[in-house]
Amino acid sequence: MGRLKMSSSKRVGGLKGVLHEVLSYKSAVIGVAILLFLIVLSVYTMVTIPLPEAIQAWRSSEAWSRNPRNAQPEWVEIFYGKKLPRTIIVPLKDADATKVLLEDGRLAASWTVYFNYEYDDFPSEIVMFFNSSYSEKPAVEFYWIRPDGEEVFLKKHVLRRPDDRLYLSNDLSLELRLEGLFENKVGGKPSFMVTVEKGLFAEYSLDPRVLKGRYGIRFETTLEKNDVLNAEVVIYGSVYGLAGTDHLRRPLLIGLLWGTPIAMSFGLTSAILTTVLSLIIGTISGWYGGKIDLVIQRIVEINAVLPFLPILIMLTTFYRIDLLIILLSVVVLSIFSLGIKGTRILVMQIKSYPYIEAAQAYGASNMRLILFYVIPKILPPVVPGMISSVPGFVFLEAGLSYLGLGDPFLPTWGKIINDAQTNGAFYKGMYYWVLEPAFMLILTSIAFALIGMALEKIVNPKLKEL
Amino acid sequence: MIPKGFLKFVAKRTVLLLISLVIAVYISILLANFGGLIDEMVKSDLMMSITMNVRNNPAYQGLTASERQKIIDSLYQSALEARGLNTPFLIRSLYHLKNALTLDLGTALYLTSDSGSKQVRLIILERLPQTIMLFTTVTIINFFTNLLGGLLIARKYGSKIDRVIAALAPTSVIPGWVYGIFLILIFYTWLHVLPPGGLVDYPPPKDPLIYFLSVLKHMVLPMLSWIIAGLFLGIYSNRTFFLIFSTEDYVEVAKAKGLPPRQVDMGYVLRPTLPSIVTGLSLAIIGSWGGAIITETVFDWPGLGRLLSAALSYPDPPVIVGEVAIYAWLLTLTVLTLDIVYAFLDPRVRVWGG
């Protein structure tokens, strides 16, 4: 009795009533909540990072040179139970130098800059970026000042070009020197490999322990009068931001954020276009019958014989791989699905209903009959199926991107998973790189699946009883 | 005596399905050859290699440029004729069609089989066992698990496990390859107990038994990924399907007669639903023969899916067309057989007569 009342109130309430009924399912409430979150996320992304900027940033390598490579997201600290290093940028500005005029007219310049290191793990990399202008290539000496005041000579380096870079981590001779120093201080071979980072940041002991405190870096050089020397010492951490970075130091967050509107719009557009168009085709087939019907049925059979994914890949590579072409190809290959047969039979039945005959009697055209009398009757039952088909399309796009056949410019979830696999995420245990895009994919698809299932029960009351 | 109307139906169905098959294969030939573009690529490759050969041949060193050009042109023309490239693509495409339909698959442009052959037939035959071993097996396993699970749950309708299955049904929107990625993370990256992909350990074991066990070990994760992906929705939809059927009057009567549940399931629920179950199984098995491009890529599994994606990336039209043609033939024959069997068996399908 109660159910009967509810369905009658639904008719009165229209769309609002449907929404009310959908939300009476707990699973659908979760689905709607996730969906709203994803929509807000999409809008936020599109407003804060415009697409051209996102694409350019995603494809440029220079923009991310100060980010750590393959860094985990910051929140993984919860699992490790210790404070993991962030990236520290130590600037050495020309203006801050102490310059002394020498007898030959040149300047003896020196900088000392301090920074605090309070993390429980060693940095991942140390690089010096120079930004200078000079008349003659200056030779710079670097010193490392440990928190206990000890000063270690690092190396002497002649700038090769004004924007020179010095990768300390790759410096084998420095590494050997630090190792020797370490063995001297400890009085034995330490239990770990003394890399440059460990040699600079570890306590003098047999086990690798970070020496926390205030470190200093000193630069010393001799410059011509008008020379300018600026530098940045980047001490790369092992964690970065909310989502971490990939092998090209790009913040995954940009890819994850932009993946949202791309996946949602691709999934929804394909689902809606496919459902509505195949409904119209099925209706035409059932309504007109005869030759039109015969042709449409053959197309359905041809389509069924062709393997979907290979033909889709050929179609997209035949033209041009971009998101719109992929979308159109997917729709073209999906609209002549076997579902048309069901629609066709339904329309054949509806054709003989009295209200259609009545409409025909007052002279309604075929077009009018199809659009205003038949389609409205058969559309509502297919809406749940339409919503439930969204995840399939979302995963299809992800699968194509994963195969390297997605849009080459856009950052998408599938592409991030592909990058992760080809760059050894499975092998090296970089879980975050795979799990983050996979999580977003699953979140999106589950939202639509939950809503679709609830709608299914509303449209098909027999299911509700079961 | 077979009625005349039935024969007419069979003939009509056969002709219609064959027309669809021919058109489908022709479309794939046009697409795979990029509407003739591949021919142009092959031609320019030929021209280049002939030019290089003539230039580097000491015997032709003394000749003038125009004489050399003449030699190049004549060599090129005969090479074109040898490959049949001097006929326009549209005519050639009809030859391709004839060959594809008679499954005379020809030679590949770039790909070779592991034994070094360029025969498309051999290339495909080399990959087919791996695909059948993995995907046909898992399709059959999935089919029966879901069928039996569905029957069992339908009997326990409303119980806790029924509700759990219903709640987990949405997990099946996630495709097998995504589960595959999770399984690799768990069993390879984290636990180090199973390989992340490939067919067999490297180097391949000599002893056949150890070889077989190694292949089995490599099959666990891909199979598991497809089983998980299909499990809950499969059971749930079978259960719903059976529940709808078990409210039919004849089932109620059978229950009222006091027949044991097993007999009710077998004789009264399963029997009338058998046609759609058989259709589902046969189409699923045929579908599994195409392999799965994405899952095979995730697990680096050397099956037909990987072959197809390699052929698509070159592109190597004979291999693409070969796979599509075999697939299309199998599907068409299956559909035709099913149509005929049902038309013959089912008294309700009155396809012939008035």
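Which residue of chain B forms a salt bridge with A:Glu301? In this predicted model, the partner is B:Arg13, and the closest N and O atoms of the pair sit 3.1 Å apart. That's the one salt bridge the rule finds across the interface of chain B and chain A.

So much for charge; now for the rest of the interface. Here 47 residues of chain B are in contact with 42 residues of chain A. The size of an interface is often given as the accessible area lost when the parts come together. For chain B and chain A, that comes to about 4,000 Å², with 83% of it on carbon and sulfur atoms.

The largest nonpolar core has 109 residues, and the ones touching the most other members are A:Leu309, A:Trp433, B:Trp177 and B:Ile320. Leaving aside residues up to four places away in sequence, A:Leu309 touches A:Leu396 and A:Leu400, plus B:Ile293 and B:Ile294 from chain B. There's also a second, separate core, made of 41 residues, with A:Ala109, A:Val152, A:Leu168 and A:Phe219 among them.

Finally, take a look at helix α11 of chain A, which runs over residues 339-350. Its twelve residues reach 17 Å from the first C-alpha to the last, close to the 16 Å expected. Buried in α11(A) are A:Ile340, A:Thr343, A:Arg344, A:Val347 and A:Ile350. These five lie on the same side of α11(A) because they cover an arc of only 125° around the axis. The buried residues of α11(A) pack against several helices of chain A, namely α7, α8, α10, α12 and α13.

Methods. Residues are numbered from 1 along each chain as its sequence is written. Chains are lettered from A and ligands numbered from 1 in the order in which they are written. This is a predicted model: local features need pLDDT of at least 70, side-chain atom pairs count only at pLDDT 80 or more; totals for chains, interfaces and linings use all residues. Side-chain values use heavy atoms; hydrogens and water are left out. Helices (H or I, at least four residues) and strands (E, at least two) are DSSP runs, numbered from the N terminus. The expected span of a helix is 1.5 Å times one less than its number of residues. Buried means under 20% relative accessible area, exposed over 50%, partly exposed in between (1.4 Å probe, protein chains only). The arc is that of the directions from the helix axis to the C-beta atoms. Contact means heavy atoms within 4.5 Å. A nonpolar core is a set of buried Ala, Val, Leu, Ile, Met, Phe, Trp, Tyr and Cys residues joined through side-chain atoms within 4.5 Å. Buried area is the accessible area (1.4 Å probe) that two parts lose on being put together, summed over both. A salt bridge is a side-chain nitrogen of Lys or Arg within 4 Å of a carboxyl oxygen of Asp or Glu.
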